[in-house]
Amino acid sequence: MVLTVILQRIEQRLTALGLSQDAAAKQAGVPDAIRNIRRAVQSGKGGVTARTLSKLAKTLQTTSAWLMGEDTGGPIDELDLDNLRQEQ
């Protein structure tokens, strides 16, 4: 289930950044988003919008694709920034 992957990856980023779920969601401008994702995973109902995911990804310093499990390269802060600079 994609929501399970999203929640697991959100939790990974929260831990890496030392943020609580409430602080991250408020910072992203979607105060109940992570709690609602958790509830959707538990109940098997509901989902998350692309807009909400994008806002969370920015706050969590990653991409929506990574949160959804589509990008296995790692969150932004784990990428090789030297290679990115050389490509520009």
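**An all-helix chain and its shared core**

Among the contacts in the protein chain between residues at least 6 apart in sequence, 55% join residues at least 24 apart, a contact being heavy atoms within 4.5 Å. This is a predicted model, in which local features need pLDDT of at least 70 and side-chain atom pairs count only at pLDDT 80 or more, while totals for chains, interfaces and linings use all residues. Residues are numbered from 1 along each chain as its sequence is written, and side-chain values use heavy atoms, with hydrogens and water left out.

The secondary structure comes to 6 helices and 0 strands, so the elements read α-α-α-α-α-α from the N terminus on; helices (H or I, at least four residues) and strands (E, at least two) are DSSP runs, numbered from the N terminus. Of the 88 residues in the protein chain, 30% count as buried. Here buried means under 20% relative accessible area, exposed over 50%, and partly exposed in between, with a 1.4 Å probe and protein chains only. The accessible surface of the chain comes to about 5,500 Å², and 48% of that belongs to carbon and sulfur atoms; such areas come from the Shrake-Rupley method with a 1.4 Å probe, and for residues only the protein chains shown count as cover.

How far can the model be trusted along the chain? The average pLDDT, the predictor's confidence in each residue from 0 to 100, is 85 for the protein chain, and 82% of the residues score at least 70. Confidence is highest in α2, at 96, and lowest in helix α6 (residues 81-87), at a mean of 45. Over residues 78-88 the pLDDT stays under 50, and for this stretch the model has 3 contacts beyond four places in sequence.

Buried in α1 are Leu3, Ile6, Leu7, Arg9, Ile10, Arg13 and Leu14. They cover an arc of only 170 degrees around the axis, which puts them on the same side of α1, the arc being that of the directions from the helix axis to the C-beta atoms. Thr15 and Ala16, on the other side of α1, are exposed. The cover over the buried residues of α1 includes α2 (21-28), α3 (33-43), α4 and α5.

Ala40 counts as buried at 5% relative accessibility, and, leaving aside neighbours within four places in sequence, Ala40 is in contact with Leu3, Lys45, Gly46 and Gly47. Ala40 and Thr4 sit 36 residues apart in sequence, yet their C-alpha atoms are 9.1 Å apart in space. After α3 comes Gly44, again with a positive phi, near 75 degrees.

What holds the middle of the picture is the largest nonpolar core, which has 19 residues; Ile10, Ile34, Ile37, Leu56 and Leu67 have the most contacts inside it. A nonpolar core is a set of buried Ala, Val, Leu, Ile, Met, Phe, Trp, Tyr and Cys residues joined through side-chain atoms within 4.5 Å. Each of α1, α2, α3, α4 and α5 supplies at least two residues of this core, and α1 gives the most, with 5 residues. Ile10 touches Ile34, Ile37, Leu56, Leu60 and Leu67, leaving aside neighbours within four places in sequence.

Thr59, in helix α4, is buried with a relative accessible area of 11%. Not counting residues up to four places away in sequence, Thr59 touches Leu17, Ala24, Gln27 and Ala28. Gln61 is found in the loop between α4 (50-59) and α5 (64-67), and at 40% relative accessibility Gln61 counts as partly exposed. Most residues other than glycine have a negative phi. Gln61, though, has a positive phi, near 55 degrees.
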